[in-house]
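This briefing is for a reader new to the structure shown below.

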Amino acid sequence: MSLSRRPLFSLALAGLLALSACATRPPASEPEALAEYEFNNDPLEPMNRGLYVVHNGIDTVLLRPAAEFYRFLVPQPVRGGVRNALGNLRSPVIFLNDVLQGDPERAATTLARFLMNSTFGVAGLFDVAKAAGLPGHSEDFGQTLAVWGLGEGPYLFIPVIGPSNPRDLTGFGMGIAADPLTWIIADGDSTAEALGWTRTGLTAADTRESLIEAIDSVNQTSLDPYATLRSAYRQRRAHEIRNGGDNAAPSDALGTGLGAGGSSYAPR
Amino acid sequence: MNRRSLLSAALAVPAATALLGALPARAEMDIGRASSFIEATGRELVATLNSNQPIAVRRQKVADILRQAVDVDGVGRFILGRWWRVATPAEQQEYMQLFEETLIRNLSARFGEYQGVTFSLGRSQQRTEDDALVNTVIQRPSLAPFSLDWRVGEVGGQPRVVDVIAEGTSLRLTQRSEYSAVISRNGGKVAPLLDAMRQQIAALAAREGR
């Protein structure tokens, strides 16, 4: 324990030291530099880079090994079932956001999928609705706030969660608060609580497992993985918000971080 | 225009072209022309990736295909962006060589992963006034298929790939952000980027190994 704690501690310290720093805004006399600064939307870059270092430390000693262990322990068809079930459990929140975005067609799809998969799909383990021609989609409060016209705010990198911004982080919290399961678990006995933690643990394992290759590839090929993740996250979120044609799987409806729409490279 | 009518348009264009014979040349990229270009290039690339020839031979072939299919100069300059004018002529020239090498090595280092790859055309849609966006579905054995969009522009009278887009994420935008961050964090100098690119190419070559 002490072996793994010490580097984490120094990493956290490095992150805190970076907290005080702010990126310098280029002067108006350098329009191209200024345009890039605004395009990147990362005024807190020094702090974010510090937090990114902290995240990488946690990821190296904990998250990625846990994901590898999950992949090793649980064979593929079962992992697929777990992903389907986790996605199915997100249905109420996805449905709510479909409605809040004024999209009755997508709301109806989400509802029909939930009913079909919860019954014929054996508690969501099998995505029978997709087979029946009703593919799922993700939707979250960050996207709803964006559709309502709220700006994203400055880019943030949060350890463990990953790339985010104040809007998506708020949406992430709203997603937890609006999830009926959150309240059922809070009101329930110790069994309910254990199931709640199981769900959280499985969500983390499933999300990180689905990203093993993608993140390895970024770390191997990017000359600046931080900048690559920032650009990719912001482009993908913009694409999700305008419902740009790709259907991220319901299991990717975390609404922020590395798991937002990230694991489903499914064809249209 | 909804998706279905776009799809039927995409299907109708090649047929109409065949029926009507030569159409007047247009500046904007025609969807049918773009998708048949992507299909032909993709077929060539997949055949090379799946062939049993030695790696060096395959890499040479892939390099030839990419040089012909990708607007390497245009994409390379787009990615260097505002730093192009900061670079000396010698740096510009070296950057272009390294950029092309990076493109080729990134693919050749993954020959193993791409064994058995297949691809098919998905829906196709016109995206901007000048470029066409061609959707493909890439399938590798025992992995979930994924969707890639190829942005095809007209460069020197020929269709050329100018960008690759995965789930709304443009590769050239992401790479511009990456390269610019390297230069910015090294005091606005292009030379450290070139050093990093050289190291990366060496690392990719080592991975390619044999």
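Helices α6(B) and α7(B) cross in a right-handed sense. In this predicted model, α6 of chain B covers residues 171–184 and α7 of chain B covers residues 191–208. Their axes come within 8 Å and cross at roughly 125°. Angles over 145 degrees would count as roughly antiparallel and those from 65 to 115 as roughly perpendicular, so α6(B) is oblique to α7(B).

**The contact between the two helices**

- From α6(B), the residues that make the contact are Tyr179(B), Val182(B) and Ile183(B).
- From α7(B), the contact is made by Pro192(B), Leu193(B) and Ala196(B).
- By class, this contact has 6 nonpolar residues, with no polar and no charged ones.

**Nonpolar cores**

- In soluble globular proteins, nonpolar side chains tend to be buried together.
- The largest nonpolar core here has 43 residues.
- Tyr179(B), already named in the helix contact, is among the residues with the most contacts inside this core, along with Ala34(B), Ala132(B), Val134(B) and Val152(B).
- Helix α13(A) gives the most to this core, with 5 residues.
- A second, separate core has 7 residues, including Val93(A), Ile94(A), Leu254(A) and Ala260(A).

**Surroundings of Val152(B)**

- Leaving aside neighbours within four places in sequence, Val152(B) is in contact with Ala34(B), Ala132(B) and Val134(B), among others.
- Other contacts of Val152(B) include Met29(B), Phe37(B), Ile38(B) and Pro159(B).
- The partners of Val152(B) also include Asp131(B) and Arg160(B), as well as Val161(B) and Val162(B).

**Chain B as a whole**

- Chain B has 7 helices and 5 strands.
- From the N terminus on, the elements of chain B run α-α-α-α-α-β-β-β-β-β-α-α.
- Chain B has 210 residues, and buried residues make up 32% of them.
- Among contacts in chain B between residues at least 6 apart in sequence, 56% join residues at least 24 apart.

**Where chain A meets chain B**

- At this interface, 23 residues of chain A are in contact with 23 residues of chain B.
- On the side of chain A that touches chain B, the elements that give two or more residues are α2 (31–40) and α13 (225–241) of chain A.
- The largest share of that side, 9 residues, comes from α13(A), the helix that also gives the most to the 43-residue core.
- By class, the residues on the side of chain A that touches chain B divide into 7 nonpolar, 9 polar and 7 charged.

Conventions. Residues are numbered from 1 along each chain as its sequence is written. Chains are lettered from A and ligands numbered from 1 in the order in which they are written. This is a predicted model: local features need pLDDT of at least 70, side-chain atom pairs count only at pLDDT 80 or more; totals for chains, interfaces and linings use all residues. Two residues are in contact if their C-beta atoms, placed from the backbone, lie within 7 Å. Helices (H or I, at least four residues) and strands (E, at least two) are DSSP runs, numbered from the N terminus. Ala, Val, Leu, Ile, Met, Phe, Trp, Tyr, Cys and Pro count as nonpolar, Asp, Glu, Lys and Arg as charged, and the others, Gly among them, as polar. Axes are lines fitted to C-alpha atoms, for helices over the stretch in contact, and angles run from 0 to 180 degrees between N-to-C directions. Angles under 35 degrees count as roughly parallel, over 145 as roughly antiparallel, 65 to 115 as roughly perpendicular and the rest as oblique. A crossing is left-handed if the near helix is turned anticlockwise from the far one by less than a right angle, and right-handed if clockwise. A nonpolar core is a set of buried Ala, Val, Leu, Ile, Met, Phe, Trp, Tyr and Cys residues joined through C-beta atoms within 7 Å. A residue is buried if 20 or more other C-beta atoms lie within 10 Å of its own, exposed if 12 or fewer, and partly exposed in between; C-beta atoms are placed from the backbone.
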